[in-house]
Amino acid sequence: MALATAATAAAVSLHPLLSRPACALRFGRRLPPLILRATSTSISTSSAPDFNITFAEPAPQKKASFPAPSAQPLVPWIVRGEDGKPRLSTSPPPEVLQAIALAEAEAKKAAKKESLKGQKGAVAAATAVASNASVKAKERKAAPAAPPKFSKAARRFYNENIKESEPQRLAKVLAAAGVASRRTSEELIFQGKVTVNGSVCTSPQTKVDISKDTIYVNGNRISKKLPPKLYFAVNKPKGYICSCGEESKSVVSLFNDYLKGWNKIQPGLPKPRLFTVGRLDVATTGLIIVTNDGVFAQKLAHPSSNVTKEYVVTIDGAVHKKHLIAISEGTKIDGVMCVPDLVEPLAAQSDTRKIRLRIVVHEGRNHEVRELVQNAGLKVYALKRVRVGRFRLPADLG
């Protein structure tokens with residue numbers, strides 16, 4: 001008994017593991033009980049006893065036994081053979097197999113329809129989301145935004161090197177090349193007098209590239225180069241008309257000497273076809289723009305551009321306050337109510353006693369200023385335009 005107690009104490013002091021009870025859990029399993037065996041029968045106080053420590057054999061675990069799977073029972077089919085007699089068969093008859101295949105096909109179709117419905121629903125939802133996004137994008141686009149600003153050099157480079165090289169309508173190309181006006185060019189095309197790459201073209205909307213396509217008008221070949229854009233400010237004299245015809249006293253006829261020396265000024269380039277931007281009647285003098293740029297002329301002359309035009313009207317007779325009020329209230333011209341932007345008297349000149357009025361309009365309808373003055377009961381002695389937009393007629397321009 002003393003020997004066992006001493007051995008147990010010695011074992012406990014040897015390793016901490018030995019101090020745990022035999023039933024302690026170690027990594028999820030029970031440890032087997034320890035068996036201590038002494039190698040000598042006597043223990044002296046001077047030397048520690050030697051022990052041979054072994055573990056008992058673990059108890060064998062019983063394996064779970066599962067019942068063996070039973071063989072699938074054989075289901076016999078009673079079918080009628082070729083001789084007409086019934087017999088047993090291990091496989092279904094062809095009619096049953098066909099019915100099963102049809103049922104599976106119908107089930108697949110139904111599943112496919114359900115998936116398509118789900119996809120259509122998803123597409124409808126995506127379309128609704130996209131429409132909402134497009135509406136929001138349109139609202140954002142509709143919001144006024146400042147246009148990008150480019151330098152004059154950038155705009156000039158684009159107009160001369162990029163914009164002009166893009167395919168354009170045939171009638172527009174002929175007008176830009178100086179053949180005729182756009183309307184006259186369309187008539188030439190309809191008459192079959194224009195050929196493009198050897199074929200007669202009768203559609204003014206045909207897209208052509210003047211640098212690549214070969215164009216003939218009345219047997220004359222159009223140059224591959226376009227004339228440069230020109231802009232002139234003219235102090236129109238009295239008695240000249242704003243026409244592009246062959247009249248001797250037209251505004252364009254003032255450029256005859258300039259165009260005669262064109263080949264010396266711009267060698268290798270075709271002559272430009274000049275025309276006036278808007279019109280001034282034969283008795284009106286002053287500022288008028290002459291150019292060969294149709295886009296610029298359309299933008300400047302159209303009423304929607306709201307480009308203001310300033311006139312100085314010399315009145316034959318006395319002018320009272322009621323006349324100024326009548327002019328300011330406007331009048332109807334061709335069924336449209338025209339109201340001037342500004343009406344005010346000017347200071348009297350030393351060389352004449354006639355009263356002058358400054359009238360500013362923005363629509364620029366035919367005879368608009370004369371109609372305003374005459375509707376107020378006044379008589380126009382002289383009419384002169386002195387400003388178009390921001391450009392004012394130079395005082396030293398004869």
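1. Pro 228 is partly exposed, because its relative accessible area is 27%, and the partly exposed class lies between the 20% limit for buried and the 50% limit for exposed. This is a predicted model.

2. Where does Pro 228 sit? It lies in a loop. Strand S12 (220–221) and strand S13 (231–236) are the two elements which that loop connects.

3. Leaving aside residues up to four places away in sequence, Pro 228 has contacts with Trp 262, Leu 269 and Asn 292. Gln 266 is also worth a look in this context: 38 residues separate Pro 228 from Gln 266 in sequence, and their C-alpha atoms are 9.2 Å apart in space.

4. Now the chain as a whole. The protein chain has 398 residues, and 27% of them are buried. Its secondary structure consists of 10 helices and 22 strands.

5. Contacts can also be sorted by sequence separation. Take those in the protein chain between residues at least 6 apart in sequence: 54% of them join residues at least 24 apart.

6. The protein chain exposes about 28100 Å². Carbon and sulfur atoms supply 56% of that area.

Methods
Residues are numbered from 1 along each chain as its sequence is written. This is a predicted model: local features need pLDDT of at least 70, side-chain atom pairs count only at pLDDT 80 or more; totals for chains, interfaces and linings use all residues. Side-chain values use heavy atoms; hydrogens and water are left out. Helices (H or I, at least four residues) and strands (E, at least two) are DSSP runs, numbered from the N terminus. Buried means under 20% relative accessible area, exposed over 50%, partly exposed in between (1.4 Å probe, protein chains only). Contact means heavy atoms within 4.5 Å. Accessible areas come from the Shrake-Rupley method with a 1.4 Å probe; for residues, only the protein chains shown count as cover.
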